[in-house]
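Here is a short tour of a protein model, written to be read with the structure open beside you.

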Amino acid sequence: MTDASTILDGLNPAQRQAVTAAPGPVLVLAGPGSGKTRVLTRRVAYLIGVHGVDPHHILAVTFTNKAAREMRDRLEKLLGPGEAAALTVGTFHSICARFLRRDSIHLGRERDFAIYDTDDQLRVMKRVLRDLNLDEKKHAPRAIHAAISRAKNELIDPDAYSRHAHSYFEEVVARCFARYQELLRGANALDFDDLLVETVRLFEEHPAVLERYQERYGFLLADEYQDTNRAQYVLLKQLASRHHNIFVVGDEDQSVYAFRGADIRNILSFERDYPEAQVILLEQNYRSTQAILDVAQAVINRSAQRRRDKRLWTRNGEGVLVQVIEGYDQDEEAQLVAGEIARLIAGGAYQPGDIAIMYRTNAQSRAIEEALIARQAPYIIVGGTRFYERKEIKDALAYLRLALNPFDDISLSRVLNWPARGIGQRTQEDLERRAGAAAVPLYVMLHTLAANAEAAADQTTSPAPARTGEMPSRARNALLGFLTLIDESLDRRQTLSLGALMDWLFERVGFREALRREYGDEEGDDRWNNVMELRNVAEQYADLPLASQLSTFLEEVALVSDIDTLQEERNAVTCITLHQAKGLEFPVVFLVGLEEGLLPHARSADDRDALDEERRLFYVGATRAKERLYLLHAFRRATYGRTEIATPSRFLHDIPPDLLQRAPKRGYAAAQMVTGRAAALRNPRRNQAAPVSPHSAAPDGPRAISFFAGQKVHHAQFGEGIVVSSKLVEGDEEVTVAFVGKGVKRLLASFANLQHVGE
DNA sequence: GTACGTTCATTTTTT
DNA sequence: ATGAACGTAC
């Protein structure tokens with residue numbers, strides 16, 4: 001049993017107040033680094049340990065799966081594994097999927113529904129456009145889908161949307177919306193947004209079901225409350241409306257998901273919905289140095305929107321000035337980052353795992369990755385081209401999904417002719433047309449064709465397959481072969497474990513051979529190894545009951561996008577988007593691409609609110625740093641293969657110059673100053689053509705040796721030392737120094753800031 | 001029906 | 001720069 005003093009250990013008065021607040025509505029407004037995750041975790045422990053709440057009655061919602069895992073880990077340490085396991089912790093989406101799996105029968109839906117990811121959703125959308133005879137060129141599937149998604153986040157259904165459609169575009173969306181839902185329904189599939197919408201609908205239409213959940217989850221907690229959209233807000237309200245035991249934590253200044261329907265006003269609504277709510281402010285920052293906080297605040301204070309004023313403060317001291325560094329282009333920017341990382345690590349004060357590189361768009365990660373590889377620095381890229389987005393993985397998953405839910409038209413048409421089995425475009429279209437006409441899933445139509453073929457075969461007198469229309473027998477046989485495959489896998493699913501099912505399926509399909517045929521032996525094997533990696537993941541589900549192995553696996557694959565981080569990469573530099581970085585912290589942070597068009601992003605430039613969101617994004621990124629923050633931008637940047645002159649971000653101008661240290665231009669940036677920008681423009685490829693590797697990129701030309709053995713030197717961190725030796729390495733001076741009591745270190749003179757001492 | 005070469009658009013950000 | 005979608009040749 002955990003007692004109160006353990007739970008409250010090390011908390012400041014405000015945090016303590018939040019943790020110990022009487023059960024009831026509590027709104028915690030917490031700045032970055034104020035220990036909100038800590039407060040949330042302790043609150044759970046407090047409810048259990050002091051109020052005697054059964055952990056089964058606690059539901060904690062986080063924003064990412066990563067945050068969920070972290071919270072569970074922390075609670076395990078605080079409470080012990082048994083009680084921690086009894087809690088329900090997860091994202092809105094995973095929790096809703098869970099509810100629906102259990103109760104969607106009330107909505108007249110089968111429980112083994114498929115969950116469509118972004119790619120699947122787009123495929124459905126294209127199908128919709130074809131069905132409605134709309135031109136893809138004229139009506140961007142993405143734009144229409146985005147509008148539908150936005151509507152769903154606002155809990156607007158196709159009917160309501162249609163009633164309020166005023167423009168031509170909205171009319172089109174309204175029609176697409178209705179058809180889109182029909183197709184999903186027919187495929188027994190839900191998209192991400194539906195998970196929320198359907199759960200809200202379930203609770204709305206079946207009060208008895210809602211009541212059951214209200215009783216089950218008498219205590220609710222939600223992290224990152226500022227990022228909830230309307231659907232999520234309503235869901236929390238439904239669940240909390242009985243007992244009012246809801247504890248939410250948020251920060252207006254860190255709201256960065258408006259594009260997905262997040263509405264900061266939900267914070268205001270909280271106080272309106274629960275007038276008895278306690279509101280607690282957490283303002284002390286435990287994470288960053290004052291230097292870092294000042295920079296972050298300088299940018300956020302220029303917001304157009306009025307904000308509830310928070311005064312962030314810290315006892316961590318001034319710290320090192322925030323550095324601004326300009327690279328010549330994105331490659332040099334990345335090299336400067338990688339070089340600085342190498343120096344920080346060589347200095348001995350930091351490890352790769354202490355360092356993060358953050359960027360606005362995933363596309364920026366490529367240059368970064370190359371530079372890190374060149375430096376041989378260990379790194380992980382969070383997100384990016386995800387494992388589950390690879391074609392071979394999606395194909396493998398499509399087969400598995402069909403084994404669970406054969407009505408899943410998107411998966412079916414995905415692998416209908418992969419590997420090639422004689423079902424061409426024509427046959428596929430024919431099948432789709434027939435299914436469409438009969439308003440049945442493709443799988444059902446396949447069965448119809450099979451039945452008709454059999455009937456025709458029985459009538460020995462008339463060999464002409466009249467009932468099956470004009471379909472040539474070759475095509476029909478190919479289709480029936482595929483049908484047999486699907487039916488066999490439906491069958492095997494009943495008896496085989498997930499792993500065994502995969503082995504059987506991939507063998508039966510000829511997966512490996514197909515990959516080698518298509519991509520050649522080498523790449524084919526690479527891709528096959530990816531599939532085998534998927535096979536390995538399946539082992540984690542071996543302990544579940546046979547009946548739920550496949551469904552649980554597929555659900556987590558769809559919802560746990562950051563499964564890559566499951567492989568808890570040990571001690572590597574983290575490359576991550578600003579959005580994903582929320583909630584994390586690192587001793588050293590590099591923010592790259594601080595340029596107009598990138599941060600703030602061009603898509604947000606003309607909208608005040610969007611611009612504010614970009615500002616908050618900067619704020620989030622900057623406040624991830626504990627000790628050192630670097631802000632980088634490039635003089636020119638390539639986008640879509642075209643390179644353009646880049647303007648430094650306006651956010652840099654919002655920071656008072658005395659808060660920043662501008663690194664002298666080095667490397668290509670310096671060369672470009674010498675040779676003139678015009679010359680640099682005339683020869684944009686000079687960077688690649690230059691005979692120097694990133695290793696040998698001379699920072700500022702050959703540097704003279706300035707340290708000699710026996711000299712006394714002083715270093716900011718290591719103190720007094722004596723030079724052992726010094727030599728030129730890659731154009732920089734590498735000094736080996738024996739420090740008093742700290743041992744022998746090798747340092748780069750250009751960065752270590754070694755001072756000569758005395759004579 | 002398939003395989004290959006050309007064109008074209010593509011990039012916010014996430015579950 | 002890269003990959004998907006389309007057209008043409010086999």
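## A cavity and its lining

Which element supplies the largest share of the lining of the largest cavity? In this predicted model, the answer is β6, with 3 residues. That strand spans residues 219–222, and β6, β7 and α3 each give at least two residues to the lining.

Sorted by class, the lining has 7 nonpolar, 2 polar and 1 charged residues. The space inside comes to about 50 Å³. Across the whole structure, a search turns up 6 cavities of 30 Å³ or more. Rolling a probe the size of a water molecule over the atoms is what shows where empty space is left.

## The whole chain

Now for the wider view. Chain A is built with 32 helices and 24 strands. It has 759 residues, and 53% of them count as buried. Take the contacts in chain A between residues at least 6 apart in sequence: 75% of these join residues at least 24 apart.

## Helix α2 and its buried face

Helix α2 covers residues 13–20, and Gln15, Ala18 and Val19 are buried in it. Viewed down the axis of α2, the buried residues fall within an arc of 95°, so they line one face of the helix. What covers these buried residues includes the helices α1 (4–8) and α3 (36–49), together with the strands β1 (26–30), β7 (246–250) and β8 (278–282).

The start of α2 is worth a look too. There, a side-chain oxygen of Asn12 comes to within 3.0 Å of the backbone nitrogen of Ala14.

## Ile423, a residue in a loop

Is Ile423 buried or exposed? Ile423 sits in the loop between α19 (409–415) and α20 (425–438). Its relative accessible area is 1%, and because buried means under 20%, Ile423 is buried.

Which residues does Ile423 touch, leaving aside its neighbours within four places in sequence? Ile423 is in contact with Leu416, Asn417 and Gln428, and also with Ala478, Leu479 and Phe482.

Definitions and conventions. Residues numbered from 1 in each chain as written. Chains lettered and ligands numbered in written order. Predicted model: local features only at pLDDT ≥ 70, side-chain atom pairs only at ≥ 80, totals over all residues. Heavy atoms only, no water. Buried < 20%, exposed > 50% of the residue type's maximum accessible area, 1.4 Å probe, protein only. Helix = DSSP H or I, 4+ residues; strand = E, 2+ residues; numbered from the N terminus. Arc of directions from axis to C-beta. Contact = heavy atoms within 4.5 Å. Polar contact = N/O pair within 3.5 Å; in protein donor to acceptor, adjacent residues only side chain to side chain. 1 Å grid on protein atoms, 1.4 Å probe; cavity = no way out; pocket = protein on both sides within 12 Å on 5 of 7 lines; lining within 4 Å. Points joined across faces, edges and corners; volume = space filled by probe spheres on them. Nonpolar A, V, L, I, M, F, W, Y, C, P; charged D, E, K, R; others polar.
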